[in-house]
Amino acid sequence: MLWIKELVRRFFMMLRREKLDRDLEEEMRFHLDLRAEEYSSRGLMSDDARALAQRRFGNITVLHEESYGAWGWAWIDRLFVDVRLAARQLRSAPGFAALTVFILAFGIGTTTAIFSAVNTILFESLPYPGAGRIVTIWETSTEGARNDGTFGIYKGLAERSRLLDSLAVLKPWQPTMTSADEPERFEGQLVSASYFRVLGVRPFLGRDFTPSDDRMNGPGVVILSNKLWRRRFNADPTIVGRDVTLEGNEYSVIGVMPESFENLLAPAAEVWGPLQYDMSQGRAWGHHLRTIGRLRPGVSIDQAANELAELAHEIVNEQRPETYRGPFNLNVFSLQADITRGVKPALLAIAGAVALVLIVGCVNVTNLLLARGVRRRPEFALRVALGAGRERLVWQLLTEGLFLAVMGGVTGMAVAIIGVHALVALSPPGLPRAADIQLNGSVFAFGFGLTTLVGFVFGVIPALQISTSPYRSIQDGSPRTTDPQKLTSRALVVAEVALAFVLLVSSGLLLRSLQHWFAVDAGFDASHLLTMQVQTSGRRFQENSVTYKFFDDALAAVRSVPGVTMAALTSQLPLSGDSDVYGVRFESSPIQMQTEDHSAFRYAVSPGYIETMRIPLRRGRLLGDGDRAGASLAALINESYANRNFPGIDPIGQRLRIGPPDSPLYTIVGVVGDVKQVSLGLNRADSVYVTPGQWKFTDNTMSLVIRSDGDPAALARAVRAAVWSVDKDQAVVRVATMSDVVAASAAERRFALILFEAFALATLVLAAAGIYGVLTGIVAERTREFGVRTALGASRGNIVGLVVRQGSLLTGCGVLVGLLGAVVASSAIAAMLFGVSRLDPATYAGAIVILSCVSVLACLVPAWRAVRIDPASTLRS
């Protein structure tokens, strides 16, 4: 414990520095006086006695410092002195200080903001107990395509698996709540009873689902989110046990989730109900359920994957061999890897771009510090002459670098706060955990570490520069740049240009990719098209005829709205996230019998849908009013589907089944153009269109598509009123123009493009500033030379050409280095490119042109100063 006492003693000594100084000074003066009196008593004159006493006593300043070093911490004292000196140096050059702090703040702030997003989404543990043991389970075809799971396999795995602690399945649910107020549709989930146990969370009010809640035709019970409980029920603590009306049926509230609960599998979900499936249902083997599980402690994902795959094949062979005719795989992923799979490449690429911006900023500041070091050479020479050692100068420059970095870091935290808000605002809708992005302790630690590193780097380079030449400074005392310093400064500018080129190429590739993306033919005309989703709810809609009549009446009412030229209904809207897939088997296709994947998108559309969407008819006829219940079953298929399954054969008149092998046969009456359903970038378009009246199930949720000659958004209010004129209790949601739906499908790419463009612009400005700074220094050093050249007859054009050539040479070297860097770096964004090669020559050429133009602009001001040099005054000086 002695060291603790010593620390405490030194700490209090440091606080009492002024008193100690006074006491020490009095003590030394007392001893000097005693010695002087002693020498005087020996016969020396008073002045001689005092001089001899001082010589024998020693250097008072050195003794003073040694005493303080023994009492306290001398290095802290020197640090305070150096910090005060650094502050004075920056006050004497406010322009340099402001520019340096701005560059550092931008670099540190943007890097910290991006780190907060990357750390939250990719690296922080999910907000569940034992989150590392939660996995998702997918069926995949031999081609690698993912399929949702089936209730049949879930049931078998839950009964047989020994490595899973619990297993659950879930599906989306959008119930509509009706009451005295306006009907409101919620996002929700139907889940098996073990769902919350897999996640490791429990309701904070009431209870969790039990197996008795999840049996077929079980009780109507729901669990509410904390947000819904507060918003809709004013945080009523007696909510448990109360009934609410969903879909026209009474549901009893059995629990409320805690406020801290994040449902990462469906962030918008506000209500959960039990799945209540049974193996006797026809949908038990349909691929429409998402499967998650919790591993037992100590079980790895690979062990679980091997066991589940073996059990799945065993279950299928025993119970449903006709559904799985071909080979399939069962893959297991960690929940965190699964939910970040789509955004991980974009986030890492953006983080790389920010790192490049930070490096460019550091290079620029280093160049500024080197130039400032040259101007301060006479100061260093004087300090060396007065006795300052090399170590003292290096320490001082390190302190100045750290001081600058701290100022930049503090300002950068403000930039980071703004950046985090901007990131959240610009983030695409599907970005997981976007609401959790914030500046927490780990982010501040990262910012502090980054600031320290940057300060150390900034201090080391000028310190190395001055430490190798302080004595040379004494010899010449000139602020002129030496050859090694010139080489260092120009090499840094070349590095800036190279990094700017890498970012320009990356931004250009993303921009061209987005252009190609939106140039893809979606298969329909999105202009002047309004869409909205209508969902029926209530006991009376348990009768299919009531549902059909409501949608028919609503469509008729919408078609009568002034401004509506065409309108129709569809069970799923292209590019909206809807994905309703069924197995389709052609009765006589010579090709499909040889393939394993029979799935296709199933559309239940009203007559007029193909015309309203302006999907081209390739062959045969469209669906009409005659294709109603009781008539011969008619279907349309898309063009590529027909060409692939009926090569050289007319598909019209061929027959197909949708769903199980014993389903009724539909006759193909027409072939229409391909439509992009999932994404503009995916080519899968296999589609089958039937009318709602000829479909075996009733779709309670349909999307309206309304075409007009004017602004479609202006019709939204009138169309919604037309639907409610038929039934005011039915929810109308997802109102958007089709153009907005298409644009939203590229939100992730647009997000990356905006950030890359911002970073590329910032880097371009920094690179131009670097070229400008170096050329300005060159012109200042060559003032006499330019004066002599002018006096000897050199024209202004010759002088301008000389300066521009120097700048162009630096840019050319930077572009050559950047070409290599861009080829390597573009592989990081290859996953986000669409329709363009990462070596696209047009993009690379465009980046060279932009950098060349910026370089010339950066050269013009120094060149203008060079041509304004007066040769007479130069020669006289």
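What is the relative accessibility of R619? In this predicted model, R619 has a relative accessibility of 41% and counts as partly exposed.

## The R619–D650 salt bridge

R619 is paired with D650 in a salt bridge, and the closest N and O atoms are 3.4 Å apart. The two residues belong to distant parts of the chain, 31 residues apart: R619 is in strand β18 (residues 617-620), and D650 is in the loop between α20 (639-645) and β20 (655-658). D650 is partly exposed, at 41% relative accessibility.

## Other salt bridges

The whole structure contains 25 salt bridges. One of the bridges runs between E314 and R160, with 2.8 Å between the closest N and O atoms. E314 sits in helix α10 (residues 301-319) and R160 in helix α7 (residues 151-160), so the bridge ties together parts that are 154 residues apart in sequence.

R602 is buried because its relative accessible area is 2%, under the 20% limit for buried residues.

D686 is placed in the loop between β21 (665-672) and β22 (687-690). Although in a loop, D686 counts as buried, at 11% relative accessibility. Its side chain makes a polar contact of 2.6 Å with the side chain of R644.

S41 belongs to helix α2 (residues 17-41). Is S41 buried or exposed? S41 is exposed, because its relative accessible area is 61% and the limit for exposed residues is over 50%. A polar atom of the S41 side chain lies 2.4 Å from the backbone oxygen of E38.

## Helix α9

Which residues of helix α9 are buried? In this helix, which spans residues 226-233, the buried residues are N226, L228, W229, R232 and F233. They lie on the same side of α9, because the arc they cover around the axis is only 165 degrees. Just after α9 comes N234, which takes a positive phi of about 55 degrees.

## A nonpolar surface patch

L453, F456, V457 and I461 make up a nonpolar patch on the surface. Together, these residues have about 340 Å² of accessible area. One member, L453, lies in helix α15, which covers residues 441-467. L453 is exposed, with a relative accessible area of 51%.

## Buried positions and C-alpha separations

M613 is part of helix α19 (residues 609-613). Its relative accessibility is 0%, so M613 counts as buried. Across a separation of 125 residues along the chain, the C-alpha atoms of M613 and M738 are 9.8 Å apart.

S489 is part of helix α17 (residues 483-519). With a relative accessible area of 17%, S489 is buried. What distance separates the C-alpha atoms of S489 and T366? The distance is 8.6 Å, for two residues that are 123 residues apart along the chain.

## Cysteines

A disulfide is a covalent bond between the sulfur atoms of two cysteines. Counted as pairs of cysteine sulfur atoms within 2.5 Å, the number of disulfides in this model is zero. Among the cysteines, C362 is buried with a relative accessible area of 16%. C859 is buried as well, with a relative accessible area of 0%.

How values were computed: Residues are numbered from 1 along each chain as its sequence is written. This is a predicted model: local features need pLDDT of at least 70, side-chain atom pairs count only at pLDDT 80 or more; totals for chains, interfaces and linings use all residues. Side-chain values use heavy atoms; hydrogens and water are left out. Patches are made of residues with over 30% relative accessible area and no salt bridge: like charges are joined within 9 Å, nonpolar side chains (Val, Leu, Ile, Met, Phe, Trp, Tyr) within 5 Å. Accessible areas come from the Shrake-Rupley method with a 1.4 Å probe; for residues, only the protein chains shown count as cover. A salt bridge is a side-chain nitrogen of Lys or Arg within 4 Å of a carboxyl oxygen of Asp or Glu. Helices (H or I, at least four residues) and strands (E, at least two) are DSSP runs, numbered from the N terminus. Buried means under 20% relative accessible area, exposed over 50%, partly exposed in between (1.4 Å probe, protein chains only). The arc is that of the directions from the helix axis to the C-beta atoms. A polar contact is a pair of N or O atoms within 3.5 Å; within protein, one must be able to donate a hydrogen and the other to accept it, and residues adjacent in sequence count only if both atoms are side-chain atoms.
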